[in-house]
Amino acid sequence: MNRHIVGTIVTGLFLVGCSSSKTLKKNDLAINNPIKTSLNLIKVENDKVPVVINPGRFTTEKVIYRLPKVVQGTYSVSDFGKYIDDFKAFDYSGNLLGVTKVDTNTWEISNATKLDKLMYLVNDTFDMEKEGGIGKETPFSPSGTNIEDTNYVLNLHGFIGYFDSLKSSQYQLDVIAPSNFKRTSALQEVSSKTSEDGKTQTSRYFAPRYFDITDNPMFYGELDVEEFKVGDIKIVLSVYSPNKKHSAEKIKATMEKMMQAQKAYLGGVNSTARYDIYLYLSEGKEDSPKGFGALEHHTSTVVVLPESMPDAALAESMIDVVSHEFFHIVTPLSVHSEDVHYFDYNAPTFSKHLWMYEGVTEYFATLFQVNKGLVEKEEFYSKVMGKINSAAKMNDSMSFTKMSENILEKEYHDQYINVYQKGALIGMCIDILMREESNGTRGILSLMKELSNKYGKNKPFEDDALIEEIIAMTYPSVGNFLNTHVIGTTPINYNAFFEKVGLEIKESKVKTNYLQNAGTNIVTADPVTRSIIFTDGVADNSFWNENGAKARDIIKSVNGEEVTLATVNQVLGKVFLWKPGTKAEVVLIRDGKEVVIKTTTTQSYTKGKGLEQTESATQKQKDLLNSWLKG
């Protein structure tokens, strides 16, 4: 699982009848006394869904029921118990049993031998994001829940909990919904039944254990659904666009081209028969979700992006986000540690190897695009330099394995975003080393395939033993790199690796976007006025400099949308995705007076460091470069 943030500059700076589901015949499943659960979308009141949990008989006098404190892939505390109301326990005669709320996510039920069922109401998390407290007060949007007339985002970890003693038990889930709702589910569907009046449909799903409840989200409501095949993998794309601005058909064309290229890059990796993409497009209202990005599950991903994005910008964001998520079918689906396989939702421990789960996955998502000709090598080089520049702003002397293992602690959690920067660069360096040692025949993808063959989705590796295993499977130079730069605290000299492939980092005029100078932010929040302003760096951004923007200018509005601390993620998220040729009207405040910039965007440049081929590159270096980019 993975949490991958879109537009890190934005999300990180300012936080100061149709169905598609896996259907099985009853005889195909060995269902033995499952925990019976139900969500009733017909009886929603005040945005709260009624939930019923029937666990079967207990033989102990007290039992513990929990909602997750942390879910896999988020690396932060979500506290889904905060969204539970009116929690009650009933005996077999319908009488209330004693319940003690132990903490935010935990309930203790007395006289449990008499327990028949639990009943409670669930609030959604999207509505709680009004103050923009993403990642602090509320769960990251793609891991959250939505309850509204036209759409239900059912990340099931927000609705269904577990009994401490029954975490490995099977689950039966009934979802009762209007029959005209479309529905997509990554869970196995056992049966479906429509009421006599035709207004209600009950879909029954099966989960082998609680992990499968948390790992298989659902969408219900007014959805747009498309399907296509990528090799032997069936891809199901579900889109909710509240104002019908975007269609699954258009997005499908982008996804199909990209994922076909990904599958060609992966070759024979077939760790899942089906992969679901759930796209929720945020309307931009006060109660709309604001945490843009995606949460990876083993065979699906939930994506949240702004509905206001133009088609081209949405396509680009989907490529960046979903390409990363889809590569997680390699790790952690096929290669993962015991911490992942036996995850504790209340008191989790974390693997040391975020450099592999997130870093290598992000590296694949970047490399495959140049490997399969989706981008030119210059664009790939630019992305690599962007990661180097971003990583340089983090703690470059922090042990990556120590950071990963202690990711919930503030000192390390503040460095989490570096898994997508330096983590990807770690993957790049290992790739180049393996190409050099094998004369171009092996790389980090072949290593991941070998690890996948050794382990697979049902066999976790021992966390402390992985590095030694990788060293044994590769070369001493890889071991030295891992021990020095991943376990150890020595910063990486990237020039030493680029030299192997005939490249060098040089000062040059480089392309940039409209919020950064080669990875350095040119907008920030004024701590006194709490307004969003340009920094001194705006003078070095050719677009803004040519249009007269100055340091300390307050950004009042962009294309008619007011920019405040509450709206900055939404509004500047769109600016982050601007392309040359975009019409823009920006209102600035300078010395108390309005300054209006009304223009069409041109490519923006800044002074910075770029990656270029050396004039003296040897044929051996050129061959190694080709095997790295195209091998």
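This is a stop-by-stop tour of a predicted protein model, beginning with the whole chain and moving on to single residues.

**Before you start**

Residues are numbered from 1 along each chain as its sequence is written. Because the model is predicted, local features need pLDDT of at least 70 and side-chain atom pairs count only at pLDDT 80 or more, while totals for chains, interfaces and linings use all residues; side-chain values use heavy atoms, with hydrogens and water left out.

**Stop 1: the whole protein**

Show the protein as a cartoon. It has 17 helices and 31 strands; helices (H or I, at least four residues) and strands (E, at least two) are DSSP runs, numbered from the N terminus. The C-alpha trace spans about 85 × 65 × 45 Å along its principal axes. The radius of gyration is 25 Å, which agrees with the value near 25 Å for a compact globule of 631 residues. That radius is taken over C-alpha atoms, and the globule rule is 2.2 Å times the number of residues to the power 0.38.

Now switch to a surface. The protein exposes about 25,400 Å², and carbon and sulfur atoms supply 47% of this area. Accessible areas come from the Shrake-Rupley method with a 1.4 Å probe; for residues, only the protein chains shown count as cover. Of the 631 residues, 58% count as buried. Buried means under 20% relative accessible area, exposed over 50%, and partly exposed in between (1.4 Å probe, protein chains only).

Colour by charge next. There are 70 positive and 80 negative charges, and their mean positions are 2 Å apart. Lys and Arg count as positive and Asp and Glu as negative, with His and the chain ends not counted; a charge is placed at NZ of Lys, CZ of Arg, CG of Asp or CD of Glu.

**Stop 2: aromatic rings**

Select Phe, Tyr and Trp. A search of the whole structure finds 35 aromatic pairs. Rings (for Trp, the six-membered one) pair if their centres lie within 6.5 Å; planes under 30 degrees apart count as stacked, over 60 as edge-to-face and the rest as tilted.

Go to Phe343 and Tyr345. Their ring centres are 5.2 Å apart and their planes stand at 80 degrees, so this pair is edge-to-face. Phe343 and Tyr345 are both buried. Now select Phe481 and Phe497, another edge-to-face pair, with 5.6 Å from centre to centre and 80 degrees between the planes. This pair links distant parts of the chain, 16 residues apart: Phe481 is in helix α13 (residues 476-487) and Phe497 in helix α14 (residues 494-500). Phe481 is buried at a relative accessible area of 2%, and Phe497 is buried at 8%.

To see a cluster, select Tyr75, Tyr162, Tyr171, Tyr210, Phe343, Tyr345, Phe350, Tyr416 and Tyr420, which form one aromatic cluster.

**Stop 3: charges over rings**

Select Arg57 and Tyr92. The charged end of Arg57 sits over the Tyr92 ring, 4.0 Å from its centre. A charge sits over a ring if NZ of Lys or CZ of Arg is within 6 Å of the ring centre and within 35 degrees of the ring normal. At Lys509, look for the face of Tyr605: Lys509 lies over it, at 4.4 Å from the ring centre.

**Stop 4: backbone details**

Most residues other than glycine have a negative phi, and most peptide bonds are trans.

- Thr331 and Pro332: the peptide bond from Thr331 to Pro332 is cis, with omega near 15 degrees. Pro332 lies in the loop between α4 (311-326) and α5 (338-341).
- Asp86: phi is positive, near 55 degrees. Asp86 lies in strand β6 (residues 84-91) and is partly exposed at 45% relative accessibility.
- Arg552: phi is positive, near 80 degrees. Arg552 is in the loop between α15 (542-546) and β27 (554-558) and is exposed, at 54%.

**Stop 5: distances**

Finish by drawing C-alpha to C-alpha distances.

- Lys459 and Ser334 are 125 residues apart along the chain, and their C-alpha atoms are separated by 8.5 Å. Lys459 is found in the loop between α11 (444-454) and α12 (466-473).
- Gln172 and Ile444 are 272 residues apart along the chain and 40 Å apart between C-alpha atoms. Gln172 lies in strand β13 (residues 171-178) and is buried, with a relative accessible area of 14%.
- Glu378 and Asp526 are 148 residues apart in sequence and 36 Å apart in space. Glu378 is in helix α7 (residues 377-392) and counts as partly exposed at 48%.
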